[in-house]
Amino acid sequence: MPEENIDEIIQEILSEEKKVEEGAEEEIIPTEELYECPVCHHQVSESADFCPYCYAVFDEKVDYKMLLETLIKKLKFIIPLAKDMGIPLDAVNQHIKEAKKYAARQDYPSGYAHLHDAYFYLIKEVVDRYRGDLEKYEIMMGVNADLRDIYARASGYLEEWDIENFLKEFEELKSRAEEISKDLRQYLEKLEGVENAIRIARKFGIETEKVENVVDTAKDIADNKKYGDAIKVLDEALTPIKDEIEEVMASFLALVKEEVMRSTYSGKSNAKNIIRLVREMKVYRDEGNLVKVLEKMEEINKEMSK
Ligand SMILES: [Zn+2]
């Protein structure tokens with residue numbers, strides 16, 4: 001490493017020290033006192049009348065009617081989810097029935113108490129199940145930074161019992177994960193095809209070093225989990241030897257033609273198979289799919305040697 005580089009790096013490290021000190025000073029700004037909700041154990045503001053996570057009441061002067069309405073909204077959202085998960089709802093339904101009775105009598109604190117019990121039970125169950133669902137994706141977290149960010153956000157919302165926002169992130173995570181595993185499968189198939197094509201090309205006496213270099217590049221890209229990009233590279237892997245393949249194909253087809261004519265006149269049935277394979281090869285050649293062209297050349301070769 002050149003000396004000036006080392007100096008630069010040292011300078012960079014030293015300049016971090018200033019930032020570290022500045023950052024430390026900033027943190028001294030006093031923040032609001034937090035304490036733990038005795039019901040759900042989330043950290044809540046000391047001045048709160050009720051817990052914004054589980055809706056436990058800390059101050060009896062709270063607006064119970066407002067809390068009751070909030071819990072109705074929350075329950076309307078969460079009950080169908082719980083139902084889909086197969087969570088038993090008998091006790092919940094009983095609580096709702098009771099709450100309705102109290103609400104009709106304008107006894108909001110009693111109505112609230114029933115809905116709070118119903119909600120507290122349901123939200124814990126639902127969060128637990130979603131936590132299990134989310135953890136299944138943990139294994140994919142090494143895959144890429146975007147996915148990690150989405151996972152972290154989903155996990156954060158879940159720990160805050162914010163199911164609506166959790167579900168948005170979780171849906172995104174699932175579709176992204178599916179895309180990546182689809183790309184990975186496609187990449188592996190492509191790689192197998194190209195490596196097979198290299199083997200066939202060598203058999204036909206074609207120099208394949210250029211292609212092998214391209215494959216190495218694709219593998220490096222795939223190592224960084226960029227499967228889509230690796231696929232694009234593999235799609236063009238045989239382009240550097242396109243002319244050689246065409247050349248070999250021309251002399252090979254001349255041989256095939258002789259063979260087919262000979263077999264036709266002597267009545268050999270594999271002439272038909274060879275003609276079919278040549279037709280297939282032509283389609284791939286028109287598409288520019290050199291991997292498949294080489295595969296067909298090998299199949300034709302096998303058929304001729306029968
Ligand atoms: Zn709470």
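The legends below describe close-up views of a predicted model. Local features need pLDDT of at least 70 and side-chain atom pairs count only at pLDDT 80 or more, while totals for chains, interfaces and linings use all residues. Residues are numbered from 1 along each chain as its sequence is written, and side-chain values use heavy atoms, with hydrogens and water left out.

View 1. The protein chain holds 11 helices and 2 strands; helices (H or I, at least four residues) and strands (E, at least two) are DSSP runs numbered from the N terminus. Of the 306 residues in the chain, 34% are buried, where buried means under 20% relative accessible area, exposed over 50%, and partly exposed in between (1.4 Å probe, protein chains only). Contact means heavy atoms within 4.5 Å. Among contacts between residues at least 6 apart in sequence, 57% join residues at least 24 apart.

View 2. C37 counts as buried because its relative accessibility is 0%. C40, at 11% relative accessibility, also counts as buried.

**View 3. Packing of helix α2 with helix α4.** Helix α2 spans residues 64–85 and helix α4 spans residues 108–135. Their axes lie 9 Å apart, and the two helices pack at an angle of about 35°. Axes are lines fitted to C-alpha atoms, for helices over the stretch in contact, and angles run from 0 to 180 degrees between N-to-C directions. The contact of α2 with α4 involves 21 nonpolar, 2 polar and 3 charged residues. Ala, Val, Leu, Ile, Met, Phe, Trp, Tyr, Cys and Pro count as nonpolar, Asp, Glu, Lys and Arg as charged, and the others, Gly among them, as polar.

**View 4. K219 and its contacts.** K219 is in helix α7 (residues 209–223). With a relative accessible area of 31%, K219 is partly exposed. Leaving aside neighbours within four places in sequence, K219 is in contact with Y187, L191 and E195. L191 is 28 residues from K219 along the chain, and their C-alpha atoms are separated by 8.7 Å.
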